[in-house]
Amino acid sequence: MYKDKKVVFSGVQPSGVLTIGNYLGAIRNFSEFSENYHCYYCVVDEHAITVRQVPADLRKRTYETLALYIACGLDPEKNTLFVQSHVSGHAELGWILDCYTMFGELSRMTQFKDKSAKNADNINAGLFTYPSLMAADILLYQTELVPVGVDQKQHLELTRDIATRFNQIYGDTFVVPEPFIPKTTAKIMSLAEPTKKMSKSDENENAVVRILDPKDAIIRKFKRAVTDSGCEIKRGEGKDGIMNLMSIYSAFTGKTEDEIEAEFEGKGYGDFKLAVGETCADALAPVQAEFARLAADKAYLEDVMAKGAEAAARDAARTMSKVRRKLGFIELKRR
Ligand code: TYM
């Protein structure tokens with residue numbers, strides 16, 4: 001779409017207070033693309049309603065997620081930051097892509113299986129077709145690269161299949177995107193059950209470290225982190241808890257796993273957990289300070305939202321007009 005720059009798109013659901021999983025797996029990596037790509041970062045509120053939300057909380061978290069984007073280093077002048085429901089093309093293309101996505105494909109999505117098990121009383125059609133709305137988000141902007149955690153890989157593969165299918169039927173319409181998945185922080189695990197992903201909607205607060213948690217809470221949660229019955233800070237079979245803490249420590253310090261093992265040789269789990277907690281809290285402190293400043297300035301956030309929505313809608317309209325033409329929809333001439 002842009003002859004000068006390739007496009008990056010990613011999104012975060014405002015369905016809970018963001019965790020260090022969201023931070024290390026996704027948001028922290030977003031700003032590295034700002035200079036060389038045309039970047040769209042979206043707060044995907046339409047995705048969030050696939051699970052029941054309290055309206056006032058959804059509204060609050062939408063502001064918060066946008067503020068966190070900026071606090072994590074995304075300059076609104078260099079990135080298009082916006083809210084999904086402000087750009088009608090997402091829902092519109094989502095419907096169209098529903099008609100090019102197979103029931104069998106959607107049935108195989110592990111996130112659908114997990115979420116329908118968790119929300120057994122609300123297995124709605126939106127939860128099922130969630131991936132085609134996600135494909136619409138991405139394809140609407142002719143995206144080349146999508147920075148996400150590994151849990152989104154399957155959705156990205158489906159997005160590629162949908163784009164390829166559409167292109168085969170109608171000729172080149174969409175760029176087929178690639179995922180960008182970080183090597184060591186693609187899946188931060190729960191502190192309570194280290195074989196399970198850390199998730200912002202987890203009901204057990206001790207399982208998740210949130211970007212906005214105060215320092216003492218962060219340290220307390222790491223101190224309580226479930227580990228094995230051994231005592232060595234080393235990688236190995238059955239040491240999921242320790243390996244998770246090692247990847248978090250590595251992400252915040254830049255140290256390799258070998259260096260971490262050497263640093264904590266002869267020391268116990270208690271020392272290590274405290275070090276991880278302190279490092280994490282110190283690394284998040286500047287993000288939290290910036291967040292507090294931004295969150296107090298609702299007018300500024302609304303200004304960012306409005307500008308972002310305007311730019312995104314303009315770009316989305318180009319793809320939508322192409323898609324409508326290809327499908328055989330009549331474009332009304334302006335009168
Ligand atoms: P969401 O809101 O669950 O998560 C936002 C981003 O954080 C990553 N992530 C993690 N990374 C590492 N470890 C974890 N424990 C962890 N938990 C979450 C996710 O992979 C994601 O990158 N469907 C998406 C939102 C979405 C989207 C899109 C993403 C909607 N449309 C288009 C990219 C492009 C989701 O539920 O993310």
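Begin by selecting helix α10, which is mostly covered, with eleven of its 14 residues buried; buried here means under 20% relative accessible area, exposed means over 50%, and partly exposed is in between, with a 1.4 Å probe and the protein chains only. Helices (H or I, at least four residues) and strands (E, at least two) are DSSP runs, numbered from the N terminus. The model is a predicted one, in which local features need pLDDT of at least 70 and side-chain atom pairs count only at pLDDT 80 or more, whereas totals for chains, interfaces and linings use all residues. Residues are numbered from 1 along each chain as its sequence is written, and side-chain values use heavy atoms, with hydrogens and water left out.

**Stop 1: helix α10**

With residues 240-253 selected, the distance from the first C-alpha to the last is 20 Å, close to the 20 Å expected at 1.5 Å a residue; the expected span is 1.5 Å times one less than the number of residues in the helix. Colour the buried residues of α10 next, which are Gly241, Ile242, Asn244, Leu245, Met246, Ser247, Ile248, Tyr249, Ser250, Ala251 and Phe252. These buried residues pack against α1 (20-30), α9 (215-223), α11 (257-263) and α12 (269-295), where contact means heavy atoms within 4.5 Å. Following the helix, you come to glycine 254, whose phi is positive, near 80 degrees.

**Stop 2**

Select asparagine 244, which has its place in helix α10 and counts as buried because its relative accessibility is 5%. Apart from its neighbours within four places in sequence, asparagine 244 is in contact with Ile188, Met189, Ser190 and Leu191. Then move to valine 226 in the loop between α9 and α10, a residue that is partly exposed, with a relative accessible area of 38%. Not counting residues up to four places away in sequence, valine 226 touches Leu191, Ala192, Pro194 and Gly241. If you draw a distance from valine 226 to arginine 210, 16 residues apart along the chain, the C-alpha atoms are separated by 17 Å.

**Stop 3: the enclosed spaces**

Rolling a probe the size of a water molecule over the atoms shows where empty space is left. On a 1 Å grid over the protein atoms alone, a cavity is a set of points where a 1.4 Å probe fits but cannot get out, a pocket is an open set with protein on both sides within 12 Å along at least five of seven lines, and lining residues have an atom within 4 Å of a point. Grid points are joined across faces, edges and corners, and a volume is the space filled by probe spheres set on the points. The search of the whole structure finds two cavities of 30 Å³ or more.

Stay with asparagine 244 and valine 226 for the second largest cavity, which is lined by Ser190, Leu191, Pro194, Ala225, Val226, Thr227, Gly241, Asn244 and Leu245 and holds about 40 Å³ of space. Its lining has five nonpolar, four polar and no charged residues, counting Ala, Val, Leu, Ile, Met, Phe, Trp, Tyr, Cys and Pro as nonpolar, Asp, Glu, Lys and Arg as charged, and the others, Gly among them, as polar.

For the largest cavity, of about 50 Å³, select Met109, Gln111, Phe112, Lys115, Leu127, Tyr130, Pro131 and His155, which line it. Both α6 (110-118) and α7 (125-139) supply at least two residues of this lining, which divides into five nonpolar, two polar and one charged.

**Stop 4: the second largest pocket**

Now turn to the second largest pocket, with about 350 Å³ of space; of the 18 residues that line it, Pro76, Glu77, Lys78, Asn79 and Thr80 are the closest to its centre. The largest share of the lining, six residues, comes from α13, and β2 (37-43), β3 (79-83) and α13 (298-327) each supply at least two residues. The lining divides into seven nonpolar, five polar and six charged residues.

**Stop 5: single residues**

Select glutamine 142 in the loop between α7 and β4 (145-147): although not a glycine, glutamine 142 has a positive phi of about 55 degrees, and it is buried at 8% relative accessible area. Finish with the cysteines, including cysteine 99, partly exposed at 46% relative accessibility, and cysteine 231, exposed with a relative accessible area of 56%. Taking a disulfide as a pair of cysteine sulfur atoms within 2.5 Å, the count comes to zero.
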